[in-house]
Amino acid sequence: MPQHPHLAFDTMAVHGAREDLAGLGAHVPPIDLSSTAPLPDVESGGDSYENLAGGGVLEQGHSPVYQRLWNPTVARFEEALAGLERAEQSVAYASGMAALSAVLLAMVQSGKRHVVGVRPLYGGTDHVLATNLLGTHVSWAKADGVGAAITRDTGLVVIESPGNPTLELVDIADVVRQAGDVPVLVDNTFATPVLQRPLELGARLVMHSATKYLGGHGDVLAGIVATDAEWAARLRGVRALTGGILHPLSAYLAHRGLQTLPIRVRAQQENAMAVAAWLAEQPQVKNVYYPGAPGCDPAGLVGRQMSGPGSILAFDMGDYARAAHVAEHVELITHAVSLGGVDSLIQHPASLTHRPVAPEARPVPGVLRLSVGLEDPADLIADLERAMRG
Ligand SMILES: *Cc1c(COP(=O)(O)O)cnc(C)c1O
């Protein structure tokens with residue numbers, strides 16, 4: 001539970017899950033790397049094991065037993081992110097895909113196997129659903145057809161807003177309404193809790209690839225799910241059984257990343273607005289996909305569901321050769337997958353992040369996705385201009 005729900009968002013980002021540090025005589029969180037922990041006696045050790053392996057939270061004065069079950073550094077990051085998403089709890093994993101897999105396994109464990117997915121989704125999410133790898137089966141629906149796609153076996157609705165890579169927005173509250181009792185998972189990686197808090201709109205689960213904005217510096221792989229106490233217990237149970245807990249060093253970095261999250265997200269968004277406006281004026285650019293660009297937000301969700309358009313955009317160079325040329329000729333911007341860091345990255349989704357997606361749902365070959373960082377936008381624009389010309 002967030003310890004200071006009365007504090008403003010930016011204050012919680014800086015101070016969340018750090019309330020006990022002064023008492024420890026520390027200014028930054030200690031990193032606990034212990035793979036195992038001393039047990040006070042056999043009986044209480046056994047009780048702790050049973051509690052944690054079953055998805056419980058560490059009780060005061062009890063042993064964490066074993067790192068796969070509980071780690072204090074990971075628990076700090078979880079508490080801090082839960083505060084920002086206004087969730088009761090959150091559960092952290094070694095990657096975003098490990099987080100999603102745990103949700104799907106928890107659903108299967110509860111006796112349901114059917115997932116309704118609204119495309120576009122991150123390529124890995126699309127792939128794990130389309131292959132039925134974890135014993136689930138998927139129906140793809142349009143955002144307004146979620147209700148009709150639900151069956152008695154449906155255990156989850158999966159949506160992303162903005163969607164990866166072409167930034168389509170989904171009306172989260174409307175999907176929640178259509179889903180009724182079926183839990184809705186929103187991948188909030190692109191928006192972050194700075195711009196959008198899906199739990200306040202009725203979603204049951206919010207997931208992040210914390211590799212992206214939460215970490216924010218391209219140096220940590222992490223995933224996290226923010227939810228209510230009941231789902232969090234199920235997710236910790238799955239995590240204890242299948243592994244996939246976040247490493248404490250990564251948890252430290254992700255937790256540190258939260259401190260600057262609001263300021264990074266807003267500054268990157270300013271830069272993205274400038275780059276999107278420039279791209280829209282270039283005759284070689286056939287289309288700009290950005291929630292803040294004209295025509296990209298027909299339902300008026302920016303300002304209502306999402307407080308701003310964010311800092312990921314995509315644009316269509318018309319064909320594969322021109323798109324590849326730009327990706328290969330930028331110099332300041334890095335040609336690489338991933339997004340949400342302080343430096344700008346560009347990539348060709350149809351070849352890379354969305355390669356496993358079925359052809360009918362794959363982005364067109366001219367599309368490039370650009371994650372706008374903290375550089376001066378004039379330098380980013382000059383780099384793109386050179387790459388388009390040269
Ligand atoms: C990167 C990403 C993921 C997967 O996260 P990993 O940390 O790479 O496993 C999931 N969803 C979105 C929207 C992403 O951008």
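Asn132 sits in the loop between helix 6 (123-130) and strand 3 (137-141), where helices (H or I, at least four residues) and strands (E, at least two) are DSSP runs numbered from the N terminus. Its phi is near 55°, a positive value in a residue other than glycine, and Asn132 is partly exposed, with a relative accessible area of 37%; buried means under 20% relative accessible area, exposed over 50%, and partly exposed in between, with a 1.4 Å probe and protein chains only. The model is a predicted one, in which local features need pLDDT of at least 70 and side-chain atom pairs count only at pLDDT 80 or more, whereas totals for chains, interfaces and linings use all residues. Residues are numbered from 1 along each chain as its sequence is written, and side-chain values use heavy atoms, with hydrogens and water left out.

**Backbone geometry**

- Thr192, which lies in helix 9 (residues 192-195), also has a positive phi, about 65°, although it is not a glycine.
- Thr192 counts as buried, at 1% relative accessibility.
- A cis peptide bond with omega of about -5° joins Ser161 and Pro162, and Pro162 belongs to the loop between strand 4 (154-160) and helix 8 (172-179).
- The peptide bond from Asn164 to Pro165 is cis as well, with omega near 10°, and Pro165 is likewise placed in the loop between strand 4 and helix 8.

**Trp140**

- Trp140 is part of strand 3 and counts as partly exposed, at 29% relative accessibility.
- Between Trp140 and Val158 there are 9.7 Å in space, C-alpha to C-alpha, for a separation of 18 residues in sequence.

**Overall fold**

- The protein contains 13 helices and twelve strands.
- Its radius of gyration is 21 Å, close to the 21 Å that the globule rule gives for 390 residues, so the protein is as compact as a globular protein of that length; the radius is taken over C-alpha atoms, and the rule is 2.2 Å times the number of residues to the power 0.38.
- Along the principal axes of the protein, the C-alpha trace spans about 70 × 50 × 35 Å.
- Of the 390 residues in the protein, 55% are buried.

- Strand 12 runs antiparallel to strand 9 (residues 312-316), to which five bridges join it, and Val367 in strand 12 is the bridge partner of Asp316.
- Strand 12 also runs antiparallel to strand 11 (residues 345-347), with three bridges between them, and here Leu370 in strand 12 stands opposite Ile346.
- In a regular strand the side chains alternate between the two faces of the sheet.

**Ligand surroundings**

- The ligand has 15 residues around it, of which Met97, Asp187, Ser209, Thr211 and Lys212 come nearest; a residue counts as near a molecule if one of its heavy atoms lies within 4 Å of it.
- The residues of this shell divide into six nonpolar, six polar and three charged, where Ala, Val, Leu, Ile, Met, Phe, Trp, Tyr, Cys and Pro count as nonpolar, Asp, Glu, Lys and Arg as charged, and the others, Gly among them, as polar.
- Helix 5 (96-109) and strand 6 (205-209) each contribute at least two residues to the shell around the ligand.
- A polar side-chain atom of Asp187 is placed 2.7 Å from a nitrogen atom of the ligand, a polar contact being a pair of N or O atoms within 3.5 Å.
- An N or O atom in the side chain of Thr211 lies 2.7 Å from an oxygen atom of the ligand, and a polar side-chain atom of Lys212 is 2.7 Å from an oxygen atom of the ligand.
- The ligand taken alone exposes 380 Å², of which the protein buries 94%; accessible areas come from the Shrake-Rupley method with a 1.4 Å probe.

How values were computed: Two strands pair if DSSP finds at least two bridges between them. A polar contact is a pair of N or O atoms within 3.5 Å; within protein, one must be able to donate a hydrogen and the other to accept it, and residues adjacent in sequence count only if both atoms are side-chain atoms.
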